[in-house]
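Dear colleague,

Please find below the structure that I am handing over to you.

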Amino acid sequence: MMKLKKLPIRAYNILFHTHTVTGITITAGLFIIFFCGAFALFRHEMYTWENQNARENHLNSPSYAAILTAIEEQHPDFRASEQFTIRQPEHKIPLIQFFGAEYPNDSTRKRFKSMLDPTSLQELSGNPAPTTVGETLYRLHYFSQVPLGLWISGFMALFFLFATISGVLIHWQHIVKRFYAFSIRTTAKQIWTLGHTTIGMIGLPFQVMYAVTGALFGLLTLLLAPSAFVLFNGDTDQVLGAVAPERVATVDSSSFHLPLASLDELSGRVDEAFPDYAVMSLRVAGYGTPEGIATFYVDEEATITGNGAIAYGLAGGQELVRIDPATKTYTNTVYNFLLKLHFASYGNPLSKLVYFILAIMTCFMLVSGLLLWQKARDNARYTPRQRRFHFKVTRWMLSICMALFPAAAILFLANKIFPLSMEAHAHWVNQTFFIAWGVLIVSGIFQKTFRRLFRWFFAIGGGLSILVPIVNGVVTGDWIWDSFRNGQTYVAGIDIFWLLVGTLTLGFMLFPATQWKGSEKVLAAKPLPAEKKVEPQPAQVEKVPV
């Protein structure tokens, strides 16, 4: 087996300790990021599962004029002169999505999101937030529920990048050997040790990509601030103009006397300019005024760089900015490229499935690293008090991580148990999810061994997972076979996913105990003896034979 060159002893020790400290500090946070991020990859595909009212709609696209008329009728306080965005129906979300602003009184602005039936143009019941599963997990994956959550996730991604690089360096000498030595037919300690290295090696490019892009998106304001001052004399508009020139486009005042162009007319011009691309969204600022600008965003989801934009001035319909997907500059490309790379919004659903599997594998790597940290400190080099502290820290962090699995199943169940027509539906679904997660965490810290802790959460999570497709079928009447027959692929896919997860999890608990020989020694956390004061013993005089 190939053996690589070892690091110098001093460099190895420094990297080993910094890798350990960094990893143990951010393990729970990273687990939340990767676990929730794995589900958030499919947040758009989840929509028809979350909202049964969207399952019967057809993909017809009404005119923009008709959409605005419907919004004005159903939202009397809507102001078209404010910025608004329209997304036409697509297979993932077969509804019209409208994001705008309304003024209940002259001084208060309120942003709103409206979901319209593409056939009747009626707002669906339960708006503005009829569903919440995908959005909740998406927001949790960058901690938006806590102050400065985005920055926290950005710094965690930055530290994760350091932990990844340092981990490669300290395992460099035996990384190939351990990769081929991985097996589940061994002791738990060897499974955690080899699995930590093997999974880390398999997912290395994926983890580096997520660490870099996650740090970029989380710390974007901090990263752009020095650039704005050094390169653009503090003018943030110039920074934005370099990355997204359509955002800072202005209308020439000499054209103000021209008649205003309609959005549907401009949409026809976009189809002519980009016949091979679909319009993903329309953003309008200053509608009905000579300064108004309509920006159409196009994309070809099959490729990672196949997105572009074209902006028109409403006065006369003059073209202001064009970002052609085939000829756009590096500056126009890089940000959207990183966005699509981070969220796997390119190719087909298979790419998202690969991302999902790699994200779950990363969660396993984080848990195995945590167990290795505790095991390395469960020996005579540490006092009983220190060993108890290490065990408690590990148990708390494992509880936070593992409780997220059954809590996610509860989130899906709550979305069906609370009717969509119920007032504050999203609020009660979210409250159920976070309260359940907290209760499950507390239940985990009462488990006496790590083995019991894992079995406890697997049993609860597996049982709840199997209930998800059952509850969906009872509440909506769309059982898995009915969903397939009606062409509701995403609905059937999510039900099958939870059914498989529940079955495999419960099946894993029946795994023969002989395969885990020695696991109790590794995972058990029996009460440690109290520290005893050692009395000095009298010196023994060795008798020398005469």
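**Findings**

Leaving aside its neighbours within four places in sequence, His-19 is in contact with Ala-163, Ser-166, Gly-167, Ile-170 and His-196. Please bear in mind throughout that this is a predicted model. His-19 belongs to helix H1, which spans residues 9–40. With one of the contacting residues, Ser-166, His-19 forms a polar contact of 3.1 Å between the two side chains. Is His-19 buried or exposed? Its relative accessible area is 16%, and a residue counts as buried under 20%, so His-19 is buried.

**The chain as a whole**

The secondary structure of the chain consists of 20 helices and 7 strands. Of its 546 residues, 48% are buried. The chain exposes about 27,700 Å², and carbon and sulfur atoms account for 63% of that area. When contacts between residues at least 6 apart in sequence are considered, 68% of them join residues at least 24 apart.

**The sheet**

The 7 strands form an open sheet with antiparallel pairing, in the order E3-E2-E1-E4-E5-E6-E7. Its edge strands are E3 (108–116) and E7 (319–323), each of which pairs on one side only. On average, neighbouring strands of this sheet are turned by 20 degrees against each other, direction ignored.

Two helices that pack on the sheet deserve mention. Helix H3 (residues 64–74) touches strands E1 (84–87), E2 (96–105), E3, E4 (278–285) and E5 (293–299). The direction of H3 makes about 125 degrees with that of E3. Helix H11 (residues 263–273) also packs on the sheet, where it touches E1, E4, E5, E6 and E7. The direction of H11 makes about 35 degrees with that of E5.

How many of the residues of E5 are buried? The count is 7 of the 7, so E5 is largely enclosed by the rest of the structure. In a regular strand the side chains alternate between the two faces of the sheet. In E5 both faces are covered: Ile-293, Thr-295, Tyr-297 and Asp-299 are buried on one side, and Ala-294, Phe-296 and Val-298 are buried on the other.

E5 is joined to E4 by 7 bridges, and these two strands run antiparallel. Here Val-279 stands opposite Val-298 of E5. Another 7 bridges join E5 to E6, again in an antiparallel arrangement. Thr-295 has Ala-311 in E6 as its bridge partner. Strand E6 (residues 307–313) is in turn joined to E7 by 4 bridges, and this pair also runs antiparallel. Between them, Ala-309 has Ile-323 in E7 as its bridge partner.

**Two loop residues with positive phi**

Leu-148 has a phi near 60 degrees, a positive value in a residue other than glycine. Leu-148 lies in the loop between helix H4 (133–140) and helix H5 (149–170). Its relative accessibility is 61%, and the cut-off for an exposed residue is over 50%, so Leu-148 counts as exposed.

Ala-344 likewise is not a glycine and has a positive phi, of about 55 degrees. Ala-344 is found in the loop between helix H12 (330–343) and helix H13 (349–376). With a relative accessible area of 1%, Ala-344 is buried.

Yours sincerely

Note on methods:
Residues are numbered from 1 along each chain as its sequence is written. This is a predicted model: local features need pLDDT of at least 70, side-chain atom pairs count only at pLDDT 80 or more; totals for chains, interfaces and linings use all residues. Side-chain values use heavy atoms; hydrogens and water are left out. Two strands pair if DSSP finds at least two bridges between them. Axes are lines fitted to C-alpha atoms, for helices over the stretch in contact, and angles run from 0 to 180 degrees between N-to-C directions. Contact means heavy atoms within 4.5 Å. Buried means under 20% relative accessible area, exposed over 50%, partly exposed in between (1.4 Å probe, protein chains only). Accessible areas come from the Shrake-Rupley method with a 1.4 Å probe; for residues, only the protein chains shown count as cover. A polar contact is a pair of N or O atoms within 3.5 Å; within protein, one must be able to donate a hydrogen and the other to accept it, and residues adjacent in sequence count only if both atoms are side-chain atoms.
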